[in-house]
Amino acid sequence: MANTESAGSTADAPPVRYRVSGMDCAKDAAQIERAAHSAGVAPDDVKVSAATHIMTLNAPEARLPDIEKAVAVTGYGFDRIESDGDIPPNPAHQDPAYRRALWIVVILNVGYGVIEMVGGFIAGSQAVKADALDFIGDGAITFLGLLAIGWSLAWRARSALIQGIFLGLLGLGVLGTTIVRVFEQTAPDAGLMGLLGMIALVVNVISVLPLLRFRKGDANMRAVWLFSRNDAIGNAAVVIAAGLVWWLGSSWPDLIVAFGIAGLFLHSSWSIIRDARADLKTAA
């Protein structure tokens, strides 16, 4: 009887939405959803959009404090959206210095992405080229995010849809060129590969530093590093692949990493497009 009443109250309660700060990919969205499940929220009653960074809950008001406490453990920020047209901005978004910090991130990512792409062609490395596209893609996405500060849910969803399509095109491009290289294998320059990968790690750290002053508390500080986590993993993979290329004298480690980065592009693209389309329906 108690379970029936609980289910009924959940069904009757209007959806509650939160703006999530600090997440950057579908994996982060899944982590938040699992945290909500641990508080007793049914899988169908919580959705975290990787496209617009909005968490939607179907839960009675009385349960919200426990759910909020559970999801807060993930380390992301949660701001409740009080009305359909209200997307609460991060206070830092109103600070011109924050916008300047984002511009620094855009310039560093796009600038080094172009340099790394040239280096990838010189080194003959597919993994380096893929990593360069990752930098350029991140810079472009950050640029769109900069433009979308304070936008409504519908326009944020449209922006995310563009991001998802862009990532998908990058993924298909990396996948296609890497498949061609499988049939035209030549061992890349391992030394240059490793050097470019190490520089990429440094650039990722430098990109994060301008944003640190706008994070308060341990949870948000962690969120800053989460933002660069995937990029750092990709950079480390390039360095490891360079070592294996040098050791084995084979191009396969380089190609395998390139395939992996292409897979990340396509998975992220699918997740963002799916969530953006769902959010567009919600906004409509």
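**Spans, sheet and surface**

Q: Which residues does the UniProt annotation "transmembrane region" cover?
A: This is a predicted model. The UniProt entry, an unreviewed one, puts that annotation on residues 101-123, 135-154, 161-180, 192-212, 232-249 and 255-273.

Q: What is the secondary structure over residues 101-123?
A: That span is 100% helix and 0% strand. Its end C-alpha atoms are 32 Å apart.

Q: And residues 161-180, how far apart are the end C-alpha atoms?
A: They lie 29 Å apart. Residues 161-180 are also 100% helix, with 0% strand.

Q: Zooming out, how many helices and strands in the chain?
A: There are 9 helices and 4 strands. In sequence order the pattern is α-β-α-β-β-α-β-α-α-α-α-α-α.

Q: In what order do the strands sit in the sheet?
A: The order is β2-β3-β1-β4, in an open sheet with antiparallel pairing. The edge strands are β2 (46-48) and β4 (77-81), and each pairs on one side only. From one strand to the next, the twist averages 25°.

Q: How many bridges between β1 and β3?
A: β1 (residues 16-21) and β3 (residues 54-57) pair over 4 bridges, in the antiparallel sense.

Q: What stands opposite Arg-17 in β3?
A: Thr-56 does.

Q: Switching to burial: what share of the chain is buried?
A: Buried residues make up 46% of the 284. The accessible surface comes to about 13,800 Å². Carbon and sulfur atoms account for 66% of that surface.

Q: Last one, what about contacts between residues at least 6 apart in sequence?
A: Of those, 78% join residues at least 24 apart.

Note on methods
Residues numbered from 1 in each chain as written. Predicted model: local features only at pLDDT ≥ 70, side-chain atom pairs only at ≥ 80, totals over all residues. Heavy atoms only, no water. Pairing = 2+ DSSP bridges. Helix = DSSP H or I, 4+ residues; strand = E, 2+ residues; numbered from the N terminus. Axes fitted to C-alpha atoms, helices over the stretch in contact; angles between N-to-C directions. UniProt positions renumbered as here; feature names shortened; annotations may be inferred. Buried < 20%, exposed > 50% of the residue type's maximum accessible area, 1.4 Å probe, protein only. Contact = heavy atoms within 4.5 Å. Areas by Shrake-Rupley, 256 points an atom, 1.4 Å probe, with all protein chains shown as cover.
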